[in-house]
Amino acid sequence: MAPVTTPPVIVISGPSGAGKSTLLKRLFANYPDSFGFSVSHTTRPPRAGERDGIEYHFVTPDHFTQLIADNKFIEHATFAGKSYGTSIQAVKDVVNKGRACILDIEMEGVKQVKKTDLDAKFLFVAPPSVEELEKRLRGRGTESEDAVQKRLEQAVKELEYSKVDGVHDRVVVNDDFEKAYKELNEWIVGVLHESAAEKN
Ligand SMILES: Nc1ncnc2c1ncn2[C@@H]1O[C@H](COP(=O)(O)OP(=O)(O)OP(=O)(O)O)[C@@H](O)[C@H]1O
């Protein structure tokens, strides 16, 4: 019988604008079959064609509040009056189906994952400097001035937390993109191999 293996949960964090989405986009394009995505919960109604449990777990505001109270979420947030959250169970569902689960989350989410029994590895994407981060956030053109300032304030906190010993297994500085991608890729492939070897 084939050995039962549980793929890892890989947590990628780092300040907004550090380049997480750009790095992950390349990773998923290069390894289309290795990773799975957790299904989020939301209180917004389904759009045409959206299926419960596939695109989202659609829940009522009361149910969502109960899940928060029961500490079932790794992260949750409200956008335009609707709540969204990543549950611990949704992540377990991915690894139980044999796919590694990558979570692109903020510092509070990282702390939350550390409190669970998920077998997680942590990678931090750091900007070369706060000045360069500011340039990228402005260059992306997606944020208002107020939002840029808020993200920079948050970035300073994230960078401080990243320096606490043992919080992250790996820090990749996204200075030169190709170099950063190579480092991230090698580390993640290593984690996938390690995890498979451990459980065989
Ligand atoms: N090494 C790099 N050099 C220069 N620009 C970069 C580099 N990496 C990413 N960028 C650019 O910086 C901007 C921010 O990158 P990205 O959107 O991937 O950040 P993020 O960390 O995912 O942010 P958020 O958490 O807000 O989603 C983008 O415009 C991206 O093209």
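## A tour of the salt bridges

Start with Glu178. This residue is partly exposed, at 47% relative accessibility. Bear in mind that the model is predicted.

The side chains of Arg26 and Glu178 form a salt bridge, 3.0 Å from N to O. Now colour the two helices. Glu178 belongs to helix H7 (residues 177-199), and Arg26 to helix H1 (residues 20-30). The pair links distant parts of the chain, 152 residues apart. Arg26 has a relative accessible area of 28%, so it is partly exposed.

Move on to Glu143 and Arg151. A salt bridge joins them, with 3.3 Å between the closest N and O atoms. How accessible is Glu143? Its relative accessibility is 21%, and the cut-off for buried is under 20%, so Glu143 counts as partly exposed. Arg151 is partly exposed too, at 31%.

Now select helix H6 (residues 145-162), and pick out Lys150 and Asp146 within this helix. They sit 4 residues apart, about one turn of the helix. Their side chains meet in a salt bridge of 3.1 Å, N to O. Is Lys150 buried or exposed? Lys150 counts as exposed, at 53% relative accessibility. Asp146, at 49%, counts as partly exposed.

For the next stop, select Glu132, Lys135 and Arg136. Salt bridges with shared partners join these residues into one network.

Finally, show every salt bridge in the model. The count comes to 14.

Key:
Residues are numbered from 1 along each chain as its sequence is written. This is a predicted model: local features need pLDDT of at least 70, side-chain atom pairs count only at pLDDT 80 or more; totals for chains, interfaces and linings use all residues. Side-chain values use heavy atoms; hydrogens and water are left out. A salt bridge is a side-chain nitrogen of Lys or Arg within 4 Å of a carboxyl oxygen of Asp or Glu. Buried means under 20% relative accessible area, exposed over 50%, partly exposed in between (1.4 Å probe, protein chains only).
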